[in-house]
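These are my notebook entries on a few side-chain contacts and surface features that I looked up, one topic at a time.

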Amino acid sequence: MGSLAYKNFTDNLRITDSLLKIESKYDDPPHVRDKNTVEGLRGGAIVLMVASFDSYLQELFKEYLYI
């Protein structure tokens, strides 16, 4: 039996990875016309990573406090 917190965390990281794969198709640094798109993809990936880790920690503590 695995941790539900860990499963949710890894699922969210796969979504983050998908954003970064899309972002990697753009030049670095991005062309002016692509700047907003690239910054949005990067920013979204960062926010999702941080939120996923925060959620993971909260869920993990709940799982182990109630065992």
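Entry 1, a salt bridge within a helix. I began with Lys35, which forms a salt bridge with Glu39, and I note 3.3 Å between the closest N and O atoms. The model is a predicted one, and I keep that in mind for every value below. Lys35 and Glu39 are four residues apart in helix H2, so about one helical turn separates them. I then looked up the accessibility of both partners: Lys35 is partly exposed at 42% relative accessibility, and Glu39 is also partly exposed, with a relative accessible area of 42%.

Is Glu23 buried or exposed? I find Glu23 buried, with a relative accessible area of 13%, whereas Arg42 counts as partly exposed at 29%. A salt bridge also joins the side chains of Asp28 and Arg42, at 3.1 Å from N to O. Asp28 sits in the loop between H1 and H2, so its pairing with Arg42 in helix H2 ties together parts that are 14 residues apart in sequence. Asp28 itself is exposed, its relative accessible area being 64%. I also recorded a network of salt bridges that links Lys7, Asp11 and Arg14.

My search of the whole structure returned four aromatic pairs. In one of them, Tyr6 and Tyr56 are arranged edge-to-face, with 6.4 Å centre to centre and 70° between the planes. Tyr6 belongs to helix H1 and Tyr56 to helix H2, so the pair ties together parts that are 50 residues apart in sequence. Tyr6 is partly exposed at a relative accessible area of 48%, while Tyr56, at 17%, is buried. Together with Phe9 and Phe53, Tyr6 and Tyr56 form one aromatic cluster.

I found a nonpolar surface patch of about 400 Å², made by Leu13, Leu20, Ile46, Met49 and Val50. Helix H1 (4-23) and helix H2 (35-65) are the elements that give two or more residues to this patch, and H2 gives the most, with three residues. Leu13, found in helix H1, is partly exposed with a relative accessible area of 32%. Lastly I checked Val32 in the loop between H1 and H2, which is exposed at 78% relative accessible area; its C-alpha atom is separated from that of Ile46 by 21 Å.

Terms used:
Residues are numbered from 1 along each chain as its sequence is written. This is a predicted model: local features need pLDDT of at least 70, side-chain atom pairs count only at pLDDT 80 or more; totals for chains, interfaces and linings use all residues. Side-chain values use heavy atoms; hydrogens and water are left out. Patches are made of residues with over 30% relative accessible area and no salt bridge: like charges are joined within 9 Å, nonpolar side chains (Val, Leu, Ile, Met, Phe, Trp, Tyr) within 5 Å. Accessible areas come from the Shrake-Rupley method with a 1.4 Å probe; for residues, only the protein chains shown count as cover. A salt bridge is a side-chain nitrogen of Lys or Arg within 4 Å of a carboxyl oxygen of Asp or Glu. Buried means under 20% relative accessible area, exposed over 50%, partly exposed in between (1.4 Å probe, protein chains only). Rings of Phe, Tyr and Trp (its six-membered ring) pair if their centres lie within 6.5 Å; planes under 30 degrees apart count as stacked, over 60 as edge-to-face and the rest as tilted.
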